[in-house]
Each structure stands twice: as C-alpha cells, then as structure tokens.
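Subject: Structure for you to look at

Hello,

Here is the structure I said I would pass on. Please open it first, then read the notes below it.

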Amino acid sequence: MKSSHALVLSLLISLSPMGWANSPAAGKSPVYGYLETATLQGQGRLTFWGFDVYDARYYVADPKGQNGFALEIQYIRSFKGNDLAKRTIDEMSRQGVSEKQRTIWLQGLEKIFPDIASGDTLIGLHLPDKGTMFLHNGKVVGDISGDAFAKAFFGIWLDERTSAPKLRSALIATRCPPALIAANCPNP
C-alpha cells in the first residue's frame, strides 16, 4: 500500500506547474550549456501585492561577471509575451534609457518574448562581445546585441535603482552585480 501512495504522490508532483521538470534539482540549468564555469550567486522570489510572480536565479561565470552572467526566471503566473516586453521596457526607464531607445528595444522584445505559462522558464544570458541571448524552457528564442541593452535589461534586477530591492539583495547575495552594471563595486 505504501508504494501506491508514493506512486500517486510522484504523479501529482510531476503534474504540478512547479513540478520536477522545471526545478533546478531536476538537473543542470541550461545556463551551464553557455557558461560552463557558471556558479549560482543568489536566488529569490518576486512577490507583488502579496502574489508570488516568479522565482529568479542569478549565475555568474566569474566573480565580476566579465565572462558572462545569466538570470533565470521560473514563472509562477502566466503572462502574455507582449505584456512582458512592455513591462521590461517600463522598468528600463529607471535605468535612464531614452524613450527612443526603449521604443527600438520594445520592438525586438515583442518578437522574442513568448507567452509564458505557469512553470515556464525564461533565461537571459549576457555573453561578452555577443550581447544578450534569451531562452524559453531551454530553447533559444532570440537575442539583442550590445552592452547597452544588457546593462539596462539586467539592471532591472541588479542595479541599485531596481523596483525590487529585496530581490536584488537576494540575487547578488554578499557580492556585487556584474562589472557591466556596477564597475566600481568594492567586493570581488
């Protein structure tokens, strides 16, 4: 009888939106396929008005992020891709990005960001000299070149001007954001 309870429990967990298939414990993150030396620096959950929105994990290839870094977001709620793109651009205004530049990047992000279901993962990878690559559930969905985009995009979470300072603290832990975002940070 115990084995049938275990089987039912296993089946329920695997069918849940936050089941094993999308958890970090299920295996290595797709981040490691692009940043082999990556280490998980920090992780946290974004909660907005009492609602859990997503879990985020921040990876760095080296202590200062000069050889690449990534942000992996596992969504708890579903979103339309265009809504995510617009929210991303709205958050970039905190980083001082001009309206003209935000309009250009919005067009790119609307083509890249898919609709997100609860349990989906979206990864942003900064690859030096290449730009920012996006993966949806482990598959490449697009990229945007340039350090200016990467600085503004990842700054949404890692810059001190973020709208989510508690999440920022959890992601960077006791270290610094990547040098691209905080070049003068005193900690290695």
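Two strands count as paired if DSSP finds at least two bridges between them. By that rule, β3 (residues 69–75) and β4 (residues 121–127) are partners: six bridges join them, in the antiparallel sense. One of the residues to look for is Ala70, whose bridge partner in β4 is Leu125. Keep in mind that this is a predicted model.

The whole chain

The chain has 188 residues, and 44% of them count as buried. It holds five helices and six strands, in the sequence pattern α-β-β-β-α-α-β-β-β-α-α. Among contacts with a separation of 6 or more, 54% are between residues 24 or more positions apart. The exposed surface comes to about 10400 Å², with 55% supplied by carbon and sulfur atoms.

The sheet

The six strands form an open sheet in the order β1-β2-β3-β4-β5-β6, with antiparallel pairing. Which strands stand at the edges? They are β1 (39–48) and β6 (139–144); each has a single partner strand, so one side of each has no neighbour in the sheet. From one strand to the next, the twist averages 20°.

Helix α3

Helix α3 covers residues 99–112. Arg102, Trp105, Leu109 and Ile112 are the buried residues of α3. These buried residues pack against α2 (81–92), β5 (131–136), β6 and α4 (147–158).

Salt bridges

Side chains of opposite charge can pair when their charged atoms come close. The whole structure contains seven salt bridges.

Glu72 and Arg57 form one of them, at 3.2 Å from N to O. Glu72 is in β3 and Arg57 is in β2 (residues 51–60), so the pair ties together parts 15 residues apart in sequence. Buried means under 20% relative accessible area. Glu72, at 5%, is therefore buried, and so is Arg57, at 4%.

Glu91 and Arg87 meet at 2.7 Å, N to O. Both lie in helix α2, four residues apart, or about one turn of the helix. Here Glu91 is buried at 8% relative accessibility, while Arg87 is partly exposed at 46%.

Asp159 and Arg161 form a salt bridge at 2.9 Å, N to O. Asp159 counts as buried at 7% relative accessibility, and Arg161 as partly exposed at 41%.

Finally, a network of salt bridges links Arg45, Asp52 and Asp55.

Regards

How values were computed. Residues numbered from 1 in each chain as written. Predicted model: local features only at pLDDT ≥ 70, side-chain atom pairs only at ≥ 80, totals over all residues. Heavy atoms only, no water. Helix = DSSP H or I, 4+ residues; strand = E, 2+ residues; numbered from the N terminus. Buried < 20%, exposed > 50% of the residue type's maximum accessible area, 1.4 Å probe, protein only. Contact = heavy atoms within 4.5 Å. Areas by Shrake-Rupley, 256 points an atom, 1.4 Å probe, with all protein chains shown as cover. Axes fitted to C-alpha atoms, helices over the stretch in contact; angles between N-to-C directions. Expected span 1.5 Å × (residues − 1). Salt bridge = Lys/Arg side-chain N within 4 Å of Asp/Glu carboxyl O.
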